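Let's take a walk through this one together, starting with the order of its parts and ending inside it. Keep the 3D view open as you read.

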Amino acid sequence: MSAVLDLADIAPAFPDPTRGSQAVFRKVMECMARPGVIHDLAFAPDAPQGLDRAAGAVALTLFDFETLIWLDPRLRGGLAEGWIRFHCGPPLTGDPMAAAFALVTDIASAPALTAFNMGDAKYPDRSTTLVIQLPSLEGGPQVVLTGPGIKTEMTLALAGLPDGFWAQVQANHEQFQFGVDFIFVAGDRVTALPRSTRITIKGD
Amino acid sequence: MTARPNEPERYYNYAYLDEQTKRMIRRAILKALAIPGYQAPFGSREMPVPYGWGTGGIQLTAAIIGPDDVYKCIDQGADDTTNAVSIRRFFAQVADVATTEETGEATIIQTRHRIPEKGLTEGQVLVFQVPQPEPLRGLEARETETRAMHAYEEYGLQYVSLYESVAAHGYIASTVGYPTMIEERYLMSPSPIPKFDNPKLGQNPAILLFGAGREKRIYAVPPYTNVRSLDFEDHPFETQTWEEDCALCGAQESYLDEVVLDDSGERMFVCSDSNFCAERRAAGHAGPMAGHQLAALDKEPA
């Protein structure tokens, strides 16, 4: 972690933080309430250094001094870390178990889901929310979603997930009320997957 | 719909709450949606109305509302009661939103103790004001104990309570705040809505958010979620019914309030949902007392 921020390197965030974060939150809330629905955050500002616009928008909207953030090692010490530290001011942690949010840009090399905080029996809301940046939210292997927020079923075809990831998500759902929750981002787009969603892998 | 004022000067932050408070509430909303029926704690702030006047609902609305929203606020189903009018004016002033009384037109509906008669749609959020979020509080006073009961899904006490009601009255006597089970996991208080509204909680297309300001809890029922009102095989859950129709609009399927009219015991039954009743009357429906002075379709003075 660098000690001093060079402000010349810090890109701007929302031109109007109040309206901007409200608009992003409503999309993210719709995503979390309706798993599998994809929303567009094209109105959000550019984010630096390999961080997609939607990933940056989610960070600006939800991170602050109250949230311990686990940053992907690829983002550590770079412009993205400086941008998040300047605009959100969150404490960073290297311990996934302690993190309120994890910002993951390389899911293949990230810790297993069980390394993150699954919540407490009495306070399952204390679990980690993983914000996972992918190359695309479409075109990958299909999974079928059912559960709260879904009328009949939804199909999701996230690209760029490592083998065995969906089995981990299934195991995460099996231990409800414990579990992590997911916000997937790619480019300008966002979707979410709460722990309450049942996953069926196509071809199983 | 009334136009938004678009005041150039603002003495408070947009939607009254500061940005950090809104972020904290937003994070709690996301976790509440991820764990349907679970009561997520949040740092409830002091609001410009007393506890019991909707501080939880107001904070939820303030955290989600934006200038493109259309806001409706009802109290016991009515748009024209003191609590509803003042909260609606509050958000028109601090959040520059358009307000409406029409259920179908609103994107955010804040409610005290009713669910509108007209079916909600996918674009809508229903925000409940909750005095006591803990369904087990009347049976167990300690928060540490009720939290453990939720954690270990230990809901036997609730069934004992319902059984005692059957033993004493011959039926389950609870009529408001009737306990519900969310996705067969979390016992949830539906807030003091009449049990007439309980069936609307399940498989609803809208997002249902519940806020308790004094008790500092947020919980949620996502759209299309399974909600079961507790009952017994030999005492199935039933909603209220009335022998009367609405005296003003003649509705037979809506929730009716009994209104005493004079000292001699004259009374009428009218829809508690004022917008539902007004729309029916505007469409030509008439009840037995349609000529009564209370039937006049007055709009709230601007």
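This is a predicted model: local features need pLDDT of at least 70, side-chain atom pairs count only at pLDDT 80 or more; totals for chains, interfaces and linings use all residues.

**From the chain order to the inside**

Now for the overall build. The C-alpha atoms of chain A fill a box of roughly 50 × 30 × 30 Å along the principal axes. Does that go with a compact globule or against it? For 204 residues, a compact globule would have a radius of gyration near 17 Å, and chain A has 16 Å, so the two agree. The contacts tell you how the sequence is brought together: among those in chain A with a separation of 6 or more, 69% are between residues 24 or more positions apart.

Chain A has an accessible surface of about 8,000 Å², and carbon and sulfur atoms account for 52% of that. As for charge, there are 15 positive and 22 negative side chains in chain A, and the centres of these two sets sit 7 Å apart.

Finally, look inside. Of the 204 residues in chain A, 56% count as buried, meaning under 20% relative accessible area. To find them in the viewer, pick out A:Ala54, A:Ala55, A:Gly56, A:Ala57 and A:Val58, then carry on through A:Ala59, A:Leu60, A:Thr61 and A:Leu62.

Note on methods
Residues are numbered from 1 along each chain as its sequence is written. Chains are lettered from A and ligands numbered from 1 in the order in which they are written. Side-chain values use heavy atoms; hydrogens and water are left out. The radius of gyration is taken over C-alpha atoms; the globule rule is 2.2 Å times the number of residues to the power 0.38. Buried means under 20% relative accessible area, exposed over 50%, partly exposed in between (1.4 Å probe, protein chains only). Contact means heavy atoms within 4.5 Å. Accessible areas come from the Shrake-Rupley method with a 1.4 Å probe; for residues, only the protein chains shown count as cover. Lys and Arg count as positive and Asp and Glu as negative; His and the chain ends are not counted. The place of a charge is taken as NZ of Lys, CZ of Arg, CG of Asp or CD of Glu. Helices (H or I, at least four residues) and strands (E, at least two) are DSSP runs, numbered from the N terminus.
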